[in-house]
Amino acid sequence: MTDDTTRDAAAASAAGAAPAAWAAPGARRRHRRGAGSPWERYGWLMAVIWLVFLVYPVMALLRSEAPQAWIVTGWVALIVFVVVYVAGFMNGMSFGGGGLTSPPKPIQWMAFGVLIVCAALTIPGAGGNALSFLPFIMSFASYGLTRPAHWLTMVASIAITAAVVFLTPTGATYLSVLAIVGMLAVVNTVSTTLIIRSAQAEKLGLELATSEGREAVARDVHDLVGHSLTVVNLKAQLVRRLIDSDPERAKAELADIESLTTEAIAGVRATVAGVRSAALAEQLASCRDALRAAEVTMDVEGDAAALSPAQSLTASWILREATTNVLRHAQARSVAVRIAPGTFTITDDGRGFTGFDGNGVRGMRERATTGGATLTVAAGPAGGTSVEVTW
């Protein structure tokens, strides 16, 4: 292998060595010592394999005519460079060293400084052949440190290589290295930019999912607590009227209030845990009881089994919210529920729909959309309000 061929191979291979080590977003995080995939445990071997292309400065040191002290220093620096580079690779891959998409730890900066010092100490013994270290240093800065470090190292490496090529008598020998360094600068810039954007997109997606999850929990709690407190308030008013005239019924209503509050607390806990599910048949019975307490009759036509489990869940939530709206606003005397395959309708004979979507109606629309259904709120055929859900 000729000197030029070896030098080109060293630079080109270094260009691929570090990206393989650092490129995967998150690969350096969330792992404990000894844990992770085989790549995280043995990926450092890639660093060892690529470092074989540092044979060029090795050959230069073997043929060096520099003072013996500088040759020995060059050998020591070369060995330390290899050890620190592989250690930095392992730290970045498996032990959360940081860099690129997360702040690098101080040990990464220390390793970077040691790499630069080691490369500089080989110059007296290896001469211009020490340029073979630059691609490794560039990639370490690009993937293991910060963006400013990437830009500064890239500019400095290009400037140093260009100075050697154009300002030294044998500079033309290293022209191919200048081309490789320039190419590596472009590759590192593009690839790290894509990695950062990917990490930012992942973070944004997580934030959006978290926000949507919070909205869903807030909506669930609103529906549960709003409905339960409305019913409790009505029953409390009934108890106040009955406590003197009919103490036994008042006691029964107080027992219902206790049961409702217990159910509401359990419902909120289950909702926050993400495991809330109410069968439609149970919800129908619960809403009938709540309406009866307010002296509102409820007529059900059809079988809850006509809807699929997923449809029943959506219908249960919408029925709960519609019942709450009837109790709070409609001043209705009767409610009719119609169940058919793919359709669920709630109609009351109250004041009628004003055309304005309050929190309750918006919540029902969101429920329907989440359940893959369409919700229509309009005036009923004989007055009042009709809420229809279709799948």
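Reply: Helices here are DSSP runs of H or I with at least four residues, numbered from the N terminus. The model is a predicted one.

Me: Which helix gives the most to the nonpolar patch?

Reply: The patch covers about 270 Å² of the surface and is made by Val 72, Val 76, Val 80 and Val 114. Val 114 is found in helix α6, which spans residues 106-121. With three residues, the helix that gives the most to the patch is the one formed by residues 68-94, namely α5.

Me: Are α12 and α13 roughly parallel or roughly antiparallel to each other?

Reply: The axes of α12 (residues 280-293) and α13 come within 9 Å and cross at roughly 5°. Angles under 35 degrees count as roughly parallel. The two helices, α12 and α13, are therefore roughly parallel.

Me: How many residues of the contact of α12 with α13 are nonpolar?

Reply: The α12 side of this contact includes Leu 280, Leu 284 and Cys 287, while the α13 side includes Ala 315, Leu 319 and Val 326. When the residues of the contact are divided by type, four are polar, one is charged, and the nonpolar ones number nine.

Me: Is α13 roughly parallel or roughly antiparallel to α14?

Reply: Helix α13 (residues 309-330) packs with helix α14 (residues 359-370) at an angle of about 170°, and their axes are 9 Å apart. Angles over 145 degrees count as roughly antiparallel. The contact is made by residues including Trp 317 and Ile 318 of α13 and Val 361 and Met 364 of α14. The angle therefore makes α13, relative to α14, roughly antiparallel.

Note on methods. Residues numbered from 1 in each chain as written. Predicted model: local features only at pLDDT ≥ 70, side-chain atom pairs only at ≥ 80, totals over all residues. Heavy atoms only, no water. Axes fitted to C-alpha atoms, helices over the stretch in contact; angles between N-to-C directions. Parallel < 35°, antiparallel > 145°, perpendicular 65-115°, else oblique. Contact = heavy atoms within 4.5 Å. Patch = residues over 30% accessible without salt bridge, like charges linked within 9 Å, V, L, I, M, F, W, Y side chains within 5 Å. Areas by Shrake-Rupley, 256 points an atom, 1.4 Å probe, with all protein chains shown as cover. Salt bridge = Lys/Arg side-chain N within 4 Å of Asp/Glu carboxyl O. Nonpolar A, V, L, I, M, F, W, Y, C, P; charged D, E, K, R; others polar.
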